[in-house]
Amino acid sequence: MRNIIVFGHDPRMESVAGYFYHLGYDVYENPEEPVADACVITAPKLSEAEEEILCAYMTDDQILYHGLLSAASWQKLQEKGVTCHPYLQLETLVTENAQLTAQGILSIAGRDAVLLESHCLVLGYGHCGKAIADALAKAGAHVDVAVRRKELKAEIEQHAYGYRNLAQWDHYAYDKYSYVFNTIPAMVLDAGHLQWFSPSILIYDIASSPGGTDFAYCKAHGIRADIYLGIPGKLYPKEAGTVIASGIYEHALATETPSD
């Protein structure tokens, strides 16, 4: 397969196109006419109109690497016999995107935060939580991590972070924290939890919309809390595009059927 189709209007897709072009592929951006023997790569998120165009365009001899897709569009593609790979779930891509997210949120926090020797609380210990905790520690902060799963305690403490159990919130003191970084896409910072912090706390929420913070409570009580979504694409579109392209390329090589 020598043809790559880049579909969707997103700054990251310029890097995706350039990556495959420099590997020697024929690259087409949002073509209207069919391109045979092609791998189609969509932007991480498409509009409803773009999804309709994609479904009409795809044929069963093409391979699709897609970002977020509605259930209806995914069903249409399955009915057409299109081979689909959701690239946002690729381990390498998830890990590298988390690194970009951590780099971005610390650069944002650095505008109004002094992280050196500060006390920071990270909520969640998935890919982004781990990357943010690591970046904070490298910046010289004292890092505690709050999670629901008790089995993560050993791993968290192995990295010299303080462990906090979300199910035992009232067992800890929270007024020492200057900054909170939330990665959990559920309401973890509700009114009952927010009242434990100092009114001067700064909250950086990167969880999927609508986030995990009661922003109305924060506004009413003068607590500064903001949500930051899609940091890699907004702050580092070139690097994020390269991450997408390299992750897809590695996956395609790994799954390629050897010729006889």
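**Salt bridges in the predicted model**

Good morning. I begin with Asp226, which is partly exposed at 30% relative accessibility; buried stands for under 20% relative accessible area, exposed for over 50%, and partly exposed for values in between, with a 1.4 Å probe and protein chains only. The model is a predicted one, in which local features need pLDDT of at least 70 and side-chain atom pairs count only at pLDDT 80 or more, while totals for chains, interfaces and linings use all residues. Residues are numbered from 1 along each chain as its sequence is written, and side-chain values use heavy atoms, leaving out hydrogens and water.

Asp226 forms a salt bridge with Arg224, with 3.5 Å between the closest N and O atoms; a salt bridge here is a side-chain nitrogen of Lys or Arg within 4 Å of a carboxyl oxygen of Asp or Glu. Arg224 is also partly exposed, at 42%. Elsewhere, salt bridges with shared partners connect Asp144, Arg164 and Lys176 in one network.

Helices (H or I, at least four residues) and strands (E, at least two) are DSSP runs numbered from the N terminus. Asp144 is buried at 9%, whereas Lys176 is partly exposed at 35%.

Finally, Lys138 and Asp134 form a salt bridge at 3.2 Å. Both sit in helix α5 (residues 127-138), 4 residues apart, or about one turn of the helix. Lys138 is exposed at 69%. In total, the structure holds 8 salt bridges. Thank you.
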